[in-house]
Amino acid sequence: SAQTRSYASRAEKANPILKKLFGLMEEKKTNLCVSVDYTDPSKILDIIDKVGPKVCMVKTHIDIISFSSVDAIRSFTASLTALSQKHNFLIFEDRKFADIGSTVQHQYRGGVYNIVEWAHITNAHSFPGPGIVTGLGEVMLKEAKEPRGLLLLAEMSSAGNLSTEGAYRAKTLQMARDHKDIVCGFIAMGNQIVTESGDDSDDFIFMTPGVNLADKGDAHGQQYQSPEFVIGEKKSDIIIVGRGIIKAEDPVAVAEKYRAAGWEAYEKRTVA
Ligand code: 5IU
């Protein structure tokens, strides 16, 4: 199977957010993103401080966390930002925006979460059409104080998902190609979504959820693959691991296992 260029060489001509991400991945030797799906804010910050050195990114679902007040939200996002600086990782709010452009602008900057202020990366469904990209992009490019990136959901890991139907993937890809200043990559099972119709896959980052070394799935259709398959075979760039790490007895030791497996698969597939 084909080799791919190194993260470092892709960083050279990348936009600001990918440059930062590829750079810190090489520096820390990690393509692991941990998905910290706890509901207790102090438990989240505690585990992030411990696994921070092992990861390139921390993925949140801000709306599952039990906050006692709006001030508690502010203090959580401030602490999360401090941890991202201490351990040099990016914050990815897995918001999966899915409305018309005008509405997602409010959801992205407003409400109680003010996502654009603290999340380096967020994601959106392509279902509403290109207006969701330009809507989020306007907030990103005009209001954020630091570089931001948007991932489009090209494929999902859950059984029976509709992303394989008809032209969905091709149209999602077209939206990304038309807006490379906003869309920095994809949630997908690998890089095929781009390589099957062009040679610009280096311009995007590919992130894959549904990674677990011990389990095959869960009771609600989650489907798991190994780091070696996702990075080595499918040529994704980042593995996203939730319960495999956060439910482990020793999350730091297990995070190191995923980091090592993901990095080894990356080194094997990469041209010198
Ligand atoms: N997630 C998926 N599959 C997807 C997308 C997101 O699992 O297609 I898009 C999220 C859901 C959860 C995390 O927050 O990634 C995976 O967690 P586990 O590793 O615990 O299954």
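Colleague: Which residue of β6 is the bridge partner of Leu152?

Modeller: The bridge partner of Leu152 in β6 is Phe186. The model is a predicted one, in which local features need pLDDT of at least 70 and side-chain atom pairs count only at pLDDT 80 or more, while totals for chains, interfaces and linings use all residues. Residues are numbered from 1 along each chain as its sequence is written.

Colleague: How many bridges join β4 to β5?

Modeller: Five bridges join strand β4 (residues 121-125) to β5, and the two run parallel. In one of these pairings, His125 has Leu153 of β5 as its bridge partner.

Colleague: Why is β5 called largely enclosed?

Modeller: A residue is buried if 20 or more other C-beta atoms lie within 10 Å of its own, exposed if 12 or fewer, and partly exposed in between, with C-beta atoms placed from the backbone. Five of the five residues of β5 are buried, so the rest of the structure largely encloses the strand. Both faces are covered, with Gly149, Leu151 and Leu153 buried on one side and Leu150 and Leu152 on the other. For β6 (residues 183-187) the count is also five of five, so the conclusion is largely enclosed there too.

Colleague: Why is Lys96 counted as partly exposed?

Modeller: Lys96 has 14 C-beta neighbours inside 10 Å, hence partly exposed. This residue lies in strand β3 (residues 90-97). UniProt, in an unreviewed entry, places the feature "active site" at Asp94, Lys96 and Asp99. UniProt positions follow the numbering used here, feature names are shortened, and annotations may be inferred rather than shown by experiment.

Colleague: Which residues is Lys96 in contact with, leaving aside neighbours within four places in sequence?

Modeller: Contact requires C-beta atoms, placed from the backbone, to lie within 7 Å. With neighbours within four places in sequence left aside, Lys96 is in contact with Asn123, Ala124, His125 and Leu153.

Colleague: What makes Asp99 partly exposed?

Modeller: Asp99 has 17 other C-beta atoms within 10 Å, so it is partly exposed. Asp99 lies in the loop between β3 and α5 (101-109). Not counting residues up to four places away in sequence, Asp99 touches Val104 and Pro128.

Colleague: Is Gly242 buried or exposed, and why?

Modeller: Gly242 has 21 C-beta neighbours inside 10 Å and therefore counts as buried. Its place is the loop between β8 and α11. Asp37, in the loop between β1 (32-35) and α3 (41-51), has 16 such atoms and is therefore partly exposed. Beyond four places in sequence, Asp37 is in contact with His61, Ile64, Gly242 and Ile246. Both Asp37 and Gly242 are among the residues that the UniProt annotation "binding site" (unreviewed entry) covers.

Colleague: Which residues around the ligand come nearest?

Modeller: A residue is near a molecule if its C-beta atom, placed from the backbone, lies within 6 Å of it. Of the 18 residues around the ligand, Met156, Ser157, Pro209, Gly242 and Arg243 come nearest. β8 (238-241) and α11 (243-246) each supply at least two residues of this shell.

Colleague: How do you know that the length of helix α7 agrees with what its residues should span?

Modeller: The expected span is 1.5 Å times one less than the number of residues. For the 13 residues of α7 (residues 131-143) this should be 18 Å, and the end C-alpha atoms are 18 Å apart, which agrees. In this helix, Ile132, Val133, Gly135, Leu136, Val139 and Met140 are buried.

Colleague: Why does Val116 count as buried?

Modeller: Val116 has 21 C-beta neighbours inside 10 Å, so it counts as buried. Val116 is in helix α6 (residues 115-118). Residues in contact with Val116, beyond four places in sequence, include Val139, Met140 and Ala144. Val116 and Ala144 are 28 residues apart in sequence, yet 6.4 Å apart in space, C-alpha to C-alpha.

Technical notes:
Helices (H or I, at least four residues) and strands (E, at least two) are DSSP runs, numbered from the N terminus. Two residues are in contact if their C-beta atoms, placed from the backbone, lie within 7 Å. Two strands pair if DSSP finds at least two bridges between them.
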